[in-house]
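Please work through each task with the sequence and the coordinates at hand.

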Number of protein chains: 2
Amino acid sequence: MRVVVDAMGAEKGVGIVVRGVLGAIQENSQIEVSIVGSREKINREIKKLNVPSPPFSIVSASQIVTMNDSATTVLKKKDSSIAVALDMVKNGRAQAFVSAGNTGAVMAASLLKLGRIRGVNRPCLAAVFPTLNEKKVVLLDVGANVDCKPVHLFQFALMGSIYAHKVLKKRQPRVALLNIGSEENKGNDLLIETFKLLKSSSLNFVGNIEGKDIISGKVEVVVCDGFVGNVILKFAERFASTTLNIVRKKAKRSFLGLGGLLSRGWLKEISSSLDYAEYGGVPLLGINGICIIAHGASSSKAIKNAILVSFEFNKMGVNKDIEDALLRIQEVEDGYEKN
Amino acid sequence: MRVVVDAMGAEKGVGIVVRGVLGAIQENSQIEVSIVGSREKINREIKKLNVPSPPFSIVSASQIVTMNDSATTVLKKKDSSIAVALDMVKNGRAQAFVSAGNTGAVMAASLLKLGRIRGVNRPCLAAVFPTLNEKKVVLLDVGANVDCKPVHLFQFALMGSIYAHKVLKKRQPRVALLNIGSEENKGNDLLIETFKLLKSSSLNFVGNIEGKDIISGKVEVVVCDGFVGNVILKFAERFASTTLNIVRKKAKRSFLGLGGLLSRGWLKEISSSLDYAEYGGVPLLGINGICIIAHGASSSKAIKNAILVSFEFNKMGVNKDIEDALLRIQEVEDGYEKN
C-alpha cells in the first residue's frame with residue numbers, strides 16, 4: 001500500500017513531515033510512501049536527518065497552497081503538492097493521501113478529483129477525541145457542512161459508526177445525536193427528524209446526548225452538523241492545550257529541584273491524553289478515496305499516526321463498507337416504494 | 001433592594017442556599033433577602049448553622065419543581081417555590097429572583113409572569129466564562145433559543161454588551177460572532193446576515209471568531225444561537241471539572257507527604273479559575289425583571305455570587321438600558337421608513 005504525503009502543509013516545516021514518514025515506515029513495513037513537494041526542501045531535511053538511502057520516494061510539486069489561500073485556490077494551483085498528490089490517488093498510484101495543509105483546500109480538491117462514494121450525499125470530517133476515561137470518540141461532522149438535512153446527519157452517523165468499528169476497533173459502536181437535552185423531542189426540526197431516522201436504523205443508536213457527554217466515554221460516535229462540530233473541536237483543542245500550559249507552568253514554579261523531577265511523569269501522562277493534535281488526523285469520510293487531514297500544527301508523531309491510520313483505513317475497507325451500507329438502505333427504500 | 005431566592009432548586013440541598021444567602025448579606029448590607037420554599041427545611045438549616053436571628057425572611061411554598069419536571073410543570077405547580085418567588089417580583093415585593101432550579105421551568109415561568117422588556121423579541125441566557133488570561137467573557141445565548149433569526153442574534157449581542165458593560169464593568173465590550181472562520185462571508189445565511197447587522201450597529205463589533213477564541217480573552221461578548229451555546233457551555237463545564245480531577249488525582253499520587261502540601265496552593269489556584277459553577281449564575285436577559293439562574297450543582301459561594309450579581313444588575317439599571325437601546329434602534333428604523 002502506498003500513502004502519498006503532503007510535505008508542504010505542516011506549520012512546523014518539512015522536517016516534521018519527513019520524520020513522521022520515517023516513523024510510520026519503521027512502525028509498519030507494509031507502508032510505502034511518496035512525499036510530494038519541493039524536492040530541494042525535502043532533500044535538505046533528509047540530509048539533516050542523515051538518512052543515506054531514504055525509504056520513500058519524492059514527487060516534485062512546484063506550488064504551495066498556503067493556510068491563507070481560499071479553498072478554491074487549489075483548483076488553480078495545478079502543480080501544488082495537494083493537487084499532485086490527489087492526482088496520484090485518482091490514478092491509482094497511491095491508495096491514500098495525508099496532509100497537514102489547508103483543510104478547506106484539501107476538502108475541495110478531494111471532492112473534485114476523487115468524487116464521492118456512491119450513495120453519499122455529503123462527505124464530512126470526522127475528528128477523533130480522547131475521552132476522559134482514556135478511550136476514543138468520533139465526533140462528526142467537524143466542519144465540512146454548515147447546513148445539514150436529516151439525511152446528511154444520518155449518513156454521518158453511518159460513516160462514523162463504520163469508521164469507529166473498522167479503524168478504532170470498537171464493536172457495535174454506540175452512536176448518539178448531540179442535542180441540548182436527552183429527551184426524544186429535544187432540539188429543532190432537524191434534530192427531531194434525525195432522531196427518528198437513527199432510531200429506525202440498524203445502527204447502535206443510544207439517543208440524544210448533551211455537550212457534557214461528548215467526551216465522557218459513554219458513546220463512540222457523536223453526530224452533529226459541521227458548524228457545531230467545528231466550534232467544539234476548536235474550542236476543545238485550545239482549551240486542552242492552554243489548560244495544560246497553565247498546569248505545567250504552575251507545577252514548575254512550585255516544584256523547582258526535586259519536585260520538578262517528580263512532576264515530570266504525571267505531567268507527561270496528562271499531556272499525552274490532552275494533546276488533541278496527536279490523534280492521527282481527521283479523516284474525510286464519504287470521499288471515493290482515502291484522505292486524512294492532520295492538524296496544521298502537527299508534530300512528527302501526529303503525521304506518523306495519520307499515516308498509520310490511513311493504512312488501517314485502507315486495509316479494513318472502510319469505503320467499501322460505507323458503499324455497501326448505503327446500497328442496502330437504498331434497496332430497502334426501493335422495496336418500500338414498490339410495495 | 002430585595003432578592004427572592006429559591007430554597008428548593010440546589011442539588012446539594014437547602015443548606016447550601018441558606019449559607020449562600022448569609023454570605024451575600026454579610027458581603028453587601030444593602031441586600032435584603034426572602035428565601036422561598038419549605039419553611040420546615042429552611043428552619044432546620046438555620047438551626048444547624050446556629051443563627052439565632054436570621055437576617056432574611058422566609059416565604060412558604062408547598063411545591064417543588066424538580067429537575068426532571070418539564071418546563072411547563074411550573075405553570076401547574078402554582079405554589080412551587082419558583083412560581084411564588086416570581087409572583088413576588090411581579091408584584092414589586094422583590095426586585096430580583098435567584099434560583100439554582102430547573103432552568104427550563106425558571107425560563108418559562110419568568111416569561112409568563114414577568115414578560116419581555118419592550119422591544120425584545122427573544123429573551124436569552126448569558127453565561128459568564130472565565131477566560132484563559134483570567135478575565136471574563138459573556139457567551140450568549142446558551143440555551144433559551146434553538147432556532148434564531150439574525151435580529152435575535154443581534155439583540156443577544158446588544159443585551160450581552162450592556163451586561164458586560166454594566167455588571168462586568170468592561171468599557172466598550174468587544175463583541176464577536178461565533179463562526180467557523182474569521183472572514184466576513186463565513187458560515188450560513190443566518191451568520192452572514194447577522195454579521196451585516198452587527199457591522200452597521202453602534203456596538204463594538206470586532207467580527208467573527210472561531211471556537212478556539214471563545215475563552216482566549218480577545219473579546220468580552222460572544223454571540224451564538226442557543227443550541228451552539230448550550231453545547232459549548234456543557235462541554236466546557238464537564239471538560240474543566242474532569243481535567244481538574246485528573247490533575248488533582250495524579251498530583252496527589254506523585255506527591256504524598258511534602259509534595260502534597262506544596263501542591264495545594266497552585267491546585268487551588270487552578271481550581272478556582274476552572275470551576276465554571278462558581279461564576280455567579282446565568283442571567284436571563286430580556287425579561288422584564290431580574291432573574292439569575294445558578295448552576296444546579298451550585299456551592300454556597302455560587303449562590304452568594306448570583307445574589308451579588310443580581311444586586312449589580314438592579315443597581316446598574318441593565319434592563320432600562322436594554323429598553324432604551326432598543327427604542328433608539330426602533331426610532332432610527334422608523335425614521336428610515338418615513339424618509
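**Exercise 1.** In which loop of chain A does A:Asp141 lie?

*Solution.* The model is predicted, so local features need pLDDT of at least 70 and side-chain atom pairs count only at pLDDT 80 or more, while totals for chains, interfaces and linings use all residues. Residues are numbered from 1 along each chain as written, chains are lettered from A and ligands numbered from 1 in the order written, and side-chain values use heavy atoms, without hydrogens and water. A:Asp141 lies in the loop between strand S6 (136-140) and helix H6 (150-166) of chain A; helices (H or I, at least four residues) and strands (E, at least two) are DSSP runs numbered from the N terminus. The peptide bond joining A:Leu140 to A:Asp141 is cis, with omega about 0°.

**Exercise 2.** Characterise the backbone and the exposure of B:Asn50.

*Solution.* First, phi of B:Asn50 is positive, about 60°, although the residue is not a glycine. Next, B:Asn50 belongs to the loop between helix H2 (39-49) and strand S3 (57-60) of chain B. Finally, its relative accessible area is 66%, which means exposed (over 50%; buried is under 20%, partly exposed in between; 1.4 Å probe, protein chains only).

**Exercise 3.** Describe how the axes of H4 and H5 of chain A cross.

*Solution.* The axes of H4 (residues 81-90) and H5 (residues 103-114) come within 10 Å and cross at roughly 35°; axes are lines fitted to C-alpha atoms, for helices over the stretch in contact, and angles run from 0 to 180 degrees between N-to-C directions.
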